[in-house]
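Please keep the sequence and the three-dimensional view at hand while reading.

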Amino acid sequence: FPYTTLFRSVAYLGGVAVFLGWLIGLAISQALQLHYWEPGLPTRIDILLPVVFGAVLIVVLGLLDDIRKRGISPMFKILGQMTAAFALLLAGVGDELTEPFFRNLNARLFLYFGYGFTPDVLALMVKFSSGALTVAIVVFCCNATNLMDGLDGLCGGVTSIIALGYVAVMVYLAMYSGVEDSNLAGFRVVLALALLGAVLGFVPFNFNPASIFMGDTGSMFLGFACALAIIMAGEMEAKWLLATLVMFSLPVLDTALAFARRYVNRRPLFSADKQHIHHQLVGRGLSVKQAVLVAYALAIFFVLCGLAIVFMRTRYAVAFYLVLFGCIVVAAYKMGMVHERPSTVKRSGVGDDDRAIAPADNTEGVIDVQPRRRSTDRPH
């Protein structure tokens, strides 16, 4: 019977394996020597322990949510994510994220008006704004990847494509920053490579039909790792921040549309629904595998756009980002991805790679995609 595969037991703690793979990548880097070093400079990459602590905290939060029968409250999750962001700030990661913006703003004020911010005021503004932006990026990215984990192989595959783009950006930054920043440049490359290797090792087992799920443990950790890459690149220049954000555009777009949809339809902003981009692709007649492959294609497109920004001047990169994101939002609105509409799909001969069903008691008219994330769940 074709539906028997819907109710088989599937492990859902694959996120622990992804995290351990990332951790092993960092550990291996300690046995390698930097390519460029001089007397007085470190010969090996200095791993920032608060960064590892923040990742461990995110994984513990995800484990609690996966293991507990009722999970943990959204507020508790957000508080934990904020604590992980504060750990980054304690390590000096992200505490000068807005410095390039305020430095350029101050230079413009002196150029056109003859006055600007004093050094003390400027430093204070940079610290507070950088801290707030760092916390916002960590919280947003963790929840964006968590929301995207709705189909087999979707979150892991999309993140692996994004991680490949991050490797290219970090290697370019290592060449751009020079020997004086060799340790930090090497650390950025190691983080990107560790993320890419960890998620690539997991995706083949998570692709439809999945033999293991990553759960909230994996999805939130992948969001944290992407946020870390965005923050560390953004500390160099605004252009690098835009480039890494464009590469992360698919989770950003999905989350932004979710909040817009709930606001337009007068629903609580943090309420759950099944109208995300991947659900709507399935609702338009695609199989699970086809919907995931479409998401992969979109992720590749955004990564290529992010790489294009690397070779633009900052002012053109900002304009490109705004135009691109605006066009995507308008297209999503025109395609009906903001207003909730009944969507049902009838199929014959449902198989492992084609398991979207529309239950009769679905009052919101949305697609329920099987299998469920946990082996203890039962059919409706």
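Of the 380 residues in this protein, 49% are buried. The model is a predicted one, and the values below are computed from it.

The secondary structure consists of 13 helices and two strands. When contacts between residues at least 6 apart in sequence are considered, 76% of them join residues at least 24 apart.

**Helices discussed in this report**

| Helix | Residues | Detail |
|---|---|---|
| Helix 4 | 99–113 | contains Leu 111 |
| Helix 7 | 182–206 | 25 residues, end C-alpha atoms 36 Å apart |
| Helix 12 | 288–310 | contains Ala 291 |

**The interior**

The largest nonpolar core comprises 95 residues, and the members that touch the most others are Trp 22, Val 158, Tyr 166, Phe 221 and Phe 248. Leaving aside residues up to four places away in sequence, Tyr 166 touches Ala 192, Cys 226, Ala 229, Ile 230, Thr 244, Met 247 and Phe 248.

Helix 7 is mostly covered, since 18 of its 25 residues are buried.

**A buried residue**

Ala 291 is found in helix 12. Is Ala 291 buried or exposed? Its relative accessible area is 1%, and because buried means under 20%, Ala 291 counts as buried. Apart from residues up to four places away in sequence, Ala 291 touches Leu 151, His 278, Leu 281, Val 282 and Leu 286. The C-alpha atoms of Ala 291 and Leu 154 are 8.7 Å apart in space, although 137 residues separate the pair in sequence.

**The surface**

Leu 111 lies in helix 4. Its relative accessibility is 59%, and because exposed means over 50%, Leu 111 counts as exposed. Together with Phe 110, Tyr 112, Phe 113 and Tyr 115, Leu 111 makes a nonpolar surface patch of about 650 Å².

Technical notes: Residues numbered from 1 in each chain as written. Predicted model: local features only at pLDDT ≥ 70, side-chain atom pairs only at ≥ 80, totals over all residues. Heavy atoms only, no water. Core = buried A, V, L, I, M, F, W, Y, C linked by side-chain atoms within 4.5 Å. Buried < 20%, exposed > 50% of the residue type's maximum accessible area, 1.4 Å probe, protein only. Contact = heavy atoms within 4.5 Å. Helix = DSSP H or I, 4+ residues; strand = E, 2+ residues; numbered from the N terminus. Expected span 1.5 Å × (residues − 1). Patch = residues over 30% accessible without salt bridge, like charges linked within 9 Å, V, L, I, M, F, W, Y side chains within 5 Å. Areas by Shrake-Rupley, 256 points an atom, 1.4 Å probe, with all protein chains shown as cover. Salt bridge = Lys/Arg side-chain N within 4 Å of Asp/Glu carboxyl O.
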